[in-house]
Amino acid sequence: MTEREIMEYDVVVVGAGPSGLACAMRLKQLNADLSVCVIEKASEIGAHVLSGAVIEPEPLDELVPGWREEPPPICVSAKRDEFLLLSRTGKRKLPTPPQQNNHGNFIVSLGATCAWLAPKAEALGVDLFPGFAAADLAYDDGDAVCGVIIGDMGVDREGGEKEGYVQGIEIRAAVTVLGEGCRGHLSKRAIKKYGLDRDSDPQTYAIGMKELWQLPAGRVEPGLIQHSVGWPLPKQVYGGSFVYHLDKDRVAVGFVCALDYQDPKFTPFEAFQQFKHHPSVHALLEGGEILSAGARALVEGGYQSLPRVEMPGALLIGDAAGLLNVPKIKGTHQALRSGMMAAEHLAEKLSSEGFDARLRDSAVVAELKKVRNIRPGFQKGLWRGMTTAAIETATAGKLPRTLSNHADHAQYRKLDQEGFEYDWVERDLAPRDRLASVYFASTEHDEDQPVHLKIIDPDVCFSRCETEFGNPCTRFCPANVYEKVEDENGKRIQINAANCVHCKTCDIADPYQVINWVTPEGGSGPNYSNL
Ligand SMILES: Cc1cc2nc3c(=O)[nH]c(=O)nc-3n(C[C@H](O)[C@H](O)[C@H](O)COP(=O)(O)OP(=O)(O)OC[C@H]3O[C@@H](n4cnc5c(N)ncnc54)[C@H](O)[C@@H]3O)c2cc1C
Ligand code: SF4
């Protein structure tokens, strides 16, 4: 085997989401002499980023002064908030929770915003490498992170070299910044290797699904921000919808389901599609067409699940650290702020040491602490959760008690226990099913490459999972990647890896934790447009 080529930088950032781009840009703003690169697995910057997205603008004001005069391509001022409780046929307006008051905020496409930030980063001297997946961390002799190893290109399904094979290079850096977003696969490894979650609660997650619709003229009220709870979710499932009204007769429709749902037969994708058939939403969407669609996990654990965010040679920022504020349903301002804070730390001393204390002492973590009991309050259902949320808000998070988070995958009930009741309707809006939805994600993977979804112990699928939980992977994956097949060779889980949209739900929600998501060849995956 040939010696791996090495490139050297002062700082390598993994992930060109808002956290990674903010970190890289701020570093160059503070010290133009530092060499900084950003590795991004999507074919283009922003193509793997999916978000609501209503954003708080202040961190962007700091990073890109004057941006409001030349905003990203989708950017609509928030005008009006609506918070609704849905039943199957009706809706009731509830007071908008203070955390969801969006006065002064903007509705954007976060993917398009990252693409808009990319040339600004390059103009500052950041080297951006889209189409390259950071497949592994590199370690020095003292077991500290000393950079990343880029995945090889041109490897066939069996692991052999194809024509045009290129060995991935190693990027060495004094500090590696992990801005991979929710459930980053290198971040997951690093958290385990360095025991970064030793003193925190388990991290918790949700799956978010989103579609961008083009509607007949006159239906959209640009700047209207609608959220709902209630139908179609059974009362035991935490989650709800968002409908964000954009310009040019477009609307972003989405649905979020926490991954601690207990019924293994529950299908988040179906809940989303059901929501679209509520009479008020159906009337909005009917006659329109989907422009793009996709899914992505969100990190929900907040304050009590925050891992240590520094390790020898590396840092965690943004969703990779778990900084999303769940009651606000916002993580972008936290991603931008933590990225900039990491940069300020590294510009002072090129070392990860001390970043954890700095972040914990900042407004980023103070914001999480204030709302720490709201999400776990919903573990006992919608109404108990709303009561906890009201108390936590009234006391500004000053109650001495901190409720615990639990591991999502450990919450499933066995098949022989009572399931949930679903009050679901016939559907007629697109997409018909999960495969039809994948079409709108424009996902692409060369099929002749190693499967990037590894079932570490496939025996579990039929020796235990089938009878205990009915193989929930065949239902929670929004792209129908996992299919149960039975033929002359027996039963097996067929992995349709080419359909994967990189949402990471399977890595999180598998009851036995035997699914491991690893990076496919760089440039593979969804090609989201304006999500
Ligand atoms: C459905 C949904 C709705 C949301 N709504 C809102 C909202 O309204 N407002 C709000 O503020 N926030 C919202 N959020 C949260 C917000 O999107 C995140 O907090 C934010 O995107 C986090 O930024 P990040 O940079 O940490 O990670 P991400 O935005 O996830 O970016 C990570 C980047 O790293 C890349 N990457 C990952 N691993 C690797 C690797 N190994 N090698 C190379 N590249 C890699 C990914 O491709 C991606 O481009 C929502 C999220 C979801 C899913
Ligand atoms: S295979 Fe996993 S990561 Fe890919 S779309 Fe399905 S659940 Fe998401």
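In strand 18, I207 finds its bridge partner in A297. That pair sits in a predicted model, where local features need pLDDT of at least 70, side-chain atom pairs count only at pLDDT 80 or more, and totals for chains, interfaces and linings use all residues. Residues are numbered from 1 along each chain as its sequence is written, while chains are lettered from A and ligands numbered from 1 in the order in which they are written.

**The sheet**
- Strand 14 (residues 205-214) and strand 18 pair antiparallel over 10 bridges; pairing takes at least two DSSP bridges between two strands, and strands here are DSSP E runs of at least two residues, helices H or I runs of at least four, both numbered from the N terminus.
- Both strands belong to an open, mixed sheet of seven strands in the order 6-5-15-16-17-14-18.
- Strand 6 (91-94) and strand 18 (289-299) are the edges, each pairing on one side only.
- On average, neighbouring strands are turned by 20° against each other, direction ignored.
- Helix 5 (residues 268-275) packs on this sheet and touches strand 14, strand 16 (239-245) and strand 17 (250-258), its direction making about 140° with that of strand 17.
- Contact means C-beta atoms, placed from the backbone, within 7 Å; axes are lines fitted to C-alpha atoms, for helices over the stretch in contact, with angles from 0 to 180 degrees between N-to-C directions.

**The ligands**
- Ligand 1 has 46 residues around it, with G17, G181, G208, G318 and G331 nearest; the cut-off is a C-beta atom, placed from the backbone, within 6 Å.
- Ligand 2 is surrounded by 13 residues, and C477, V481, C500, C503 and C506 are the closest.

Note on methods
Contact = placed C-beta atoms within 7 Å.
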